[in-house]
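Hi,

Here is the structure I promised to pass on to you. Have a look at it first, and my notes on what turned up follow below.

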Amino acid sequence: MELSERKIKILQTIIRTYLETGEPVGSRTISKDTDLNLSSATIRNEMSDLEEMGYIIQPHTSAGRIPTDKAYRLYVDTMLDDKTSEVQNLKEQLEEKAVKIDVLLKQVAKYLASNTNYATMVSGPRYKTKKVKFIQITPVDERNILTVIVLDNNVVKNQMLKVEEHIDQELMVKLNFILNTTLNGLDVTEMNLAIIKNIKEQAGSHTGVIDAVLELIGNALMEEDDFEIYTSGATNILKYPELSSKSETTELLNAFEEKGIINNWLETTDTGSGSETHDIQVYIGNETKVDSMKDCSMVTATYRIHEGVYGKIGIVGPKRMDYDKVVSTLQSLMTQLDDIFKNE
């Protein structure tokens, strides 16, 4: 007897319901699943077949069914395959979009430099929060496991983890199952003590491994990403006598070559606002809190690709810059970017 698509859906519903409630699952419970749209009689027939095939058992007379180890194995393997496929599809989509955004942000930097005659910088998109997309722990040998953590921004973190106990394949499947079903879609602020306690209770005596993996996950979620910075028009600074002294020019031009310094400039002016505005701000001289820009002004704006994903744009010039022109140019550009990102 083969597992039809309907049998697989029913089995998945039984497993998910049992994981949530810990109680045997009956046909009436399954019939309430709107995705199935099947009568109780049809479900009972399918459950009878699943029991005959060894995927579910009836622990007590007149009780519902619970999954067997064979069912868990099918569920976990299917889940991992689906997640791997989903992550790969997401990676391809994001890589395609990343190329488009990469080109777009370079064009933005050049456009602003050309239209304002000042130096411009644009940061690549960053995420306010990152969430767990997929976790995979795999034994390498008796004392080492490879931990792979995929975040929802398609960042992949790999790390070897030394363990004090031998973890066989069956246990590895169980731990992967627990971690993925519990942590998928959560960010670091949502991983509270109750969730961690629940994971450890399910893991039983293997809390040491869980603690180590949870620490890696926490680090991955908290770690700063390496953002791209796009610049244009740095030599425009030479057009302004007050910025063209040898020492000042050298310092500013060198700063534009250092991604870390530029990122610090933009971070210094980051309001951290989660609003839907573009946060256009003007910083004059020492207001930038950057020594190399004490004789400059910077106008910044925030672009948002979608909720929680944003980047910064900065325009640097002399204190006597044409603020009206710069702000109006930025406002017009940000409106156009909004339209573009809405269609992405």
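In this predicted model, let's begin with a helix pair: the axes of α6 (residues 193-203) and α7 (residues 207-222) come within 9 Å and cross at roughly 145°. The crossing of these two helices is right-handed. On the α6 side, the residues that meet α7 are Ile196, Ile199, Lys200 and Ala203; on the α7 side, their counterparts are Thr207, Ile210, Asp211 and Leu214. Sorted by class, this contact has five nonpolar residues, one polar residue and two charged residues.

Helix α7 also has a place in the next part of the picture, as it lies across β5, β6 and β7, running at about 35° to β6. Those strands form an open sheet of three, in the order β5-β6-β7, with antiparallel pairing. β5 (132-141) and β7 (156-162) stand at the edges with a single partner strand each, so one side of each is left without a neighbour in the sheet. From one strand to the next, the twist averages 20°.

A handy place to start is glutamine 136, whose bridge partner in β6 is valine 148. Another helix, α5 (residues 169-183), lies across β5 and β6, and runs at about 165° to β5.

Now for strand β3 (residues 119-123). Is it buried or exposed? Five of its five residues are buried, so β3 is largely enclosed by the rest of the structure. Ala119, Met121 and Ser123 point one way from the strand, while Thr120 and Val122 point the other way, and all are buried. β3 pairs with strand β8 (residues 229-232) in the antiparallel sense, over four bridges. Within that pairing, valine 122 has tyrosine 230 of β8 as its bridge partner.

For context, most residues other than glycine have a negative phi. Asparagine 117 has 34% relative accessibility, which lies between the 20% limit for buried and the 50% limit for exposed, so this residue counts as partly exposed.

Happy to go through any of this with you at the screen.

Best wishes

Conventions
Residues numbered from 1 in each chain as written. Predicted model: local features only at pLDDT ≥ 70, side-chain atom pairs only at ≥ 80, totals over all residues. Heavy atoms only, no water. Axes fitted to C-alpha atoms, helices over the stretch in contact; angles between N-to-C directions. Left-handed = near helix turned anticlockwise from the far one by under 90°. Contact = heavy atoms within 4.5 Å. Nonpolar A, V, L, I, M, F, W, Y, C, P; charged D, E, K, R; others polar. Buried < 20%, exposed > 50% of the residue type's maximum accessible area, 1.4 Å probe, protein only. Pairing = 2+ DSSP bridges.
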